[in-house]
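Subject: Model for you to look at

Hi,

Here is the structure I said I would pass on.

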Amino acid sequence: MKIMFVLAGFVIMIAFCVISTSDIAQAEVVLGTGTDSLLGGDLTDPEDDGAPDADEGYNAIFTANEEPGFGGGEFSFNVFDNRLGPGNDKWCCGRGGGIPEEGLYVTAELEEAYALTHFTLSSANDVPARDPTVWEVQGSNDGEDFETIYAHDGDGFWSERLQVVLFEAGADFDVQTTAYRFFRHVTFDTASNPAGAYFQIGEIEYFGDANVTPVEPKSKLTTTWGRIKNAQ
Ligand SMILES: [Ca+2]
Ligand SMILES: [Ca+2]
Ligand SMILES: [Ca+2]
Ligand SMILES: [Ca+2]
């Protein structure tokens, strides 16, 4: 009987440790403001040698359902120009008439598939009312059917202009066991939508693992329990 209580105690202790660990995970880490606070070397340009005005040096094919292109305007591909600043360093400001039901999206097609490990999203320099409030990061392997990887619920998370915020698998979204070749950012709403100039994003960086080994969530608990049993 006594051994039963000891074992029950162990189980409660282990469960408490597992729950505490998941609660400790920090969400939405602010890295700083401006170009220097970007992580750099993301999947769309690992060498950071992209020349946006010429659209050269990038390691991804970009597409968008609004304002495709880099140079010459505040176009959508400027979220991958490795810069945070005024003018054309951002994608701005909405095509008028409000955000369509499908959202405003920009897609990066990579040469090989990666499981998303973390990404950064940065605010642009204009008024906060144009910042995305409801948005998703999605993955696909055919560029047509997309799965939601991360969905933002409408809360504001930028406290400054040109601020770089990090979102991590295991803290902000599920650890990925599926690798994707297409990553898409979709904005469904902003505070000022649908009036006037209602949209802006400064920069997006995606990071991933090309060789994912799925982790069995219960393996740690099973191993610990096995050790306890063996010790009896
Ligand atoms: Ca490059
Ligand atoms: Ca524009
Ligand atoms: Ca940019
Ligand atoms: Ca980049």
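Before the notes, one term: by a nonpolar core I mean a set of buried Ala, Val, Leu, Ile, Met, Phe, Trp, Tyr and Cys residues joined through C-beta atoms within 7 Å. Buried, in turn, means that 20 or more other C-beta atoms lie within 10 Å of a residue's own. Please also keep in mind that this is a predicted model.

So which residues have the most contacts inside the largest nonpolar core? They are Phe 77, Val 79, Leu 116, Phe 119, Val 165, Phe 183 and Tyr 206, in a core of 41 residues. Strands β3 (91-93), β4, β5 (132-140), β7 (163-168), β8 (180-190) and β9 (199-201) each put in at least two residues, and β4 gives the most, with 9. As a general point, nonpolar side chains tend to be buried together in soluble globular proteins.

Confidence and overall layout

The mean pLDDT of the chain is 87, with 80% of the residues at 70 or more. Two stretches want some caution. Residues 17-25 stay under 50, and the model has 3 contacts for them beyond four places in sequence. Residues 219-232 are also below 50, and that stretch has 4 contacts beyond near neighbours in sequence.

As for the fold, the chain has 2 helices and 10 strands. Going along the sequence, the pattern reads α-β-β-β-β-β-β-β-β-β-β-α. Of the 232 residues, 33% are buried. Among contacts with a separation of 6 or more, 74% are between residues 24 or more positions apart.

Around β8

I would start with β8, where 9 of the 11 residues are buried. β8 pairs antiparallel with β4 over 7 bridges, and Val 106 stands opposite His 185 of β8. β8 also pairs antiparallel with β5, over 8 bridges; there, Val 134 has Asp 189 in β8 as its bridge partner.

Phe 183 is one of the core residues with the most contacts. Leaving out residues up to four places away in sequence, Phe 183 touches Ala 108, Leu 116, Val 137, Gly 139 and Tyr 206. Leu 116 and Tyr 206 are themselves on the list of residues with the most contacts inside the core.

Next, Tyr 105, which lies in β4 (residues 104-122). Is Tyr 105 buried or exposed? Tyr 105 counts as buried because 20 other C-beta atoms lie within 10 Å, and 20 is where the cut-off for buried starts. Beyond four places in sequence, Tyr 105 is in contact with Ala 64, Asn 65, Arg 184, His 185 and Val 186. The C-alpha atoms of Tyr 105 and Thr 187 are separated by 6.5 Å, although the two residues are 82 apart along the chain.

The β5-β6 hairpin

β5 and β6 form a hairpin with 6 residues between them. The two strands run antiparallel and are joined by 6 bridges, with Gly 139 standing opposite Glu 147 in β6. In the turn, Gly 143 has a positive phi of about 75°.

Backbone spots to check

One joins Cys 92 and Cys 93, with omega about 15°, and Cys 93 sits in strand β3. Another joins Asn 193 and Pro 194, where omega is about 10°; Pro 194 is in the loop between β8 and β9.

Asn 82 has phi near 65° and belongs to the loop between β2 (60-64) and β3. Why does Asn 82 count as buried? Because Asn 82 has 22 C-beta neighbours inside 10 Å. Leu 162 has phi near 60° and is placed in the loop between β6 (147-153) and β7. Leu 162 is buried too, since 23 other C-beta atoms lie within 10 Å.

That is what I have so far. Let me know what you make of it.

Cheers

Note on methods
Residues numbered from 1 in each chain as written. Chains lettered and ligands numbered in written order. Helix = DSSP H or I, 4+ residues; strand = E, 2+ residues; numbered from the N terminus. Buried ≥ 20, exposed ≤ 12 C-beta atoms within 10 Å, placed from the backbone. Contact = placed C-beta atoms within 7 Å. pLDDT = per-residue confidence, 0-100. Pairing = 2+ DSSP bridges.
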